[in-house]
Amino acid sequence: MRIAALIVAAGRGTRAGGGLPKQWRDLAGQTLAARSIAAFAHHPDIARILLVIHPDDHARAATPGVELVHGGAERADSVRAGLEALPADITHVLIHDVARPLVSRTTIDTVIAALRTGAKGAAPGIALSDALWRGEGGQVRATLPRAGLYRAQTPQGFDLAAIRAAHHAHAGPTAADDVEIALAAGLDVVIVPGDERNLKLTVAEDFSRAATYLMGQDMDVRLGNGYDVHRFGPGDHVVLCGVHIAHDRALMGHSDADVGMHALTDALYGALAEGDIGRHFPPSDPQWKGAASEIFLAHAIELARSRGYALGNADVTLICEEPKIGPHALAMAVELGRIMGVEAGRISVKATTSEQLGFTGRKEGIAAIATATLLRSQGRP
Ligand code: MG
């Protein structure tokens with residue numbers, strides 16, 4: 001499969017305001033056209049990007065790596081011009097409406113995956129959940145069944161030869177989209193899951209809604225805390241936040257007793273609502289005896305990544321009279337960063353004594369508390 005993205009941007013629609021066709025309007029610092037192009041330019045499966053424009057827009061449309069084609073009077077004319085311009089080595093095309101600049105990687109992946117199974121056509125749709133009315137003169141005249149109804153989105157993906165033939169054969173009135181033209185030619189089109197954020201920007205309020213998504217106001221922020229204690233016993237060193245420190249006693253525990261790393265690991269599990277280390281690495285299981293705590297921390301951050309979260313920051317406080325932590329704190333942050341694959345600047349390790357009060361003050365053991373934030377954008381990945 002060799003896939004091209006054909007972005008239809010020849011419209012003259014100025015309903016969204018700003019006095020410009022909407023594809024050239026700014027949305028949080030970039031035009032809709034630039035955002036739609038970027039969505040496909042960053043996708044590894046897209047071999048070519050073709051932008052169908054109005055001839056008047058030629059100068060402002062020039063973009064490195066993007067071929068420009070002049071469109072026609074109707075949307076279907078523009079798509080046809082784009083399809084004709086695609087080179088012979090292209091086997092499939094994703095036809096995308098420039099007014100959907102928030103199209104996600106997932107949506108593009110899903111359409112491509114359906115084409116890979118051999119489908120001649122595949123397009124994202126969202127099943128209707130609102131009741132449907134037919135209205136007239138401000139009054140409801142009838143209610144309509146919504147079962148089996150979908151809202152259509154783009155990109156709509158097709159076998160290139162099949163959709164070219166369908167466009168050539170299409171003689172009917174103006175089609176709403178390319179699926180309509182495909183169906184008229186007898187092509188089967190698979191419905192794949194659409195995305196509520198893949199908005200079609202038409203009126204001014206659509207722009208503010210889209211900007212809200214992009215400004216990170218819908219960021220999913222998770223905060224977790226962790227607390228751990230290990231007692232001192234005989235030995236000649238301790239391991240704290242992955243750093244080996246010579247000491248006249250050691251910390252006792254089932255694993256390497258790295259109290260700081262355990263607290264941080266529990267903070268990550270806590271942020272994910274995934275319990276604690278004991279749930280994932282049961283102390284009853286002999287394979288974790290003496291284990292390097294790095295295994296636990298790496299597991300927790302990997303679990304977070306697998307759900308789309310990145311570490312915002314982590315803060316670990318060790319509570320002990322000795323050993324002295326200060327000289328090792330930076331090395332600890334660097335080591336925790338290495339294990340989690342994040343820069344050390346996002347990680348803080350600090351220490352406090354407890355003024356010789358309590359078990360830490362009596363040097364019976366070390367306690368640690370940790371806080372971590374995980375971030376995931378709900379918008380475009
Ligand atoms: Mg522990």
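I started with D195, which is buried yet has no salt bridge. The nearest side chain of opposite charge belongs to R197, and I read its distance as 4.7 Å. I note that the model is predicted.

I then looked up what else D195 meets. The backbone nitrogen of R197 lies 2.9 Å from a polar atom of the D195 side chain. D195 itself sits in the loop between β12 (189-193) and α7 (204-214). Setting aside neighbours within four places in sequence, I listed S104, T107, I126 and Q153 as its contacts.

Next I went to the metal. Which residues coordinate the magnesium ion? I found D228 through OD, H230 through NE2 and H262 through ND1, at 2.1 to 2.2 Å. Along the chain these donors follow the spacing D-x1-H-x31-H. I checked burial for two of these residues: D228 and H230 are both buried.

Last I took helix α11, residues 329-340. I counted 12 residues and a reach of 17 Å from first C-alpha to last, close to the 16 Å expected at 1.5 Å a residue. I noted its buried residues as A329, M332, A333, E335, L336, G337, I339 and M340. What do the buried residues of α11 pack against? I recorded the strands β14 (237-240), β15 (243-246), β17 (310-319) and β18 (347-352), along with the helices α8 (259-271) and α10 (294-306). Just after α11, G341 takes a positive phi of about 70°.

Methods:
Residues numbered from 1 in each chain as written. Predicted model: local features only at pLDDT ≥ 70, side-chain atom pairs only at ≥ 80, totals over all residues. Heavy atoms only, no water. Donors = N, O, S within 2.8 Å, 3.2 Å for Na, K, Ca; no water. Buried < 20%, exposed > 50% of the residue type's maximum accessible area, 1.4 Å probe, protein only. Helix = DSSP H or I, 4+ residues; strand = E, 2+ residues; numbered from the N terminus. Expected span 1.5 Å × (residues − 1). Contact = heavy atoms within 4.5 Å. Lys, Arg positive; Asp, Glu negative; His and termini not counted. Salt bridge = Lys/Arg side-chain N within 4 Å of Asp/Glu carboxyl O. Polar contact = N/O pair within 3.5 Å; in protein donor to acceptor, adjacent residues only side chain to side chain.
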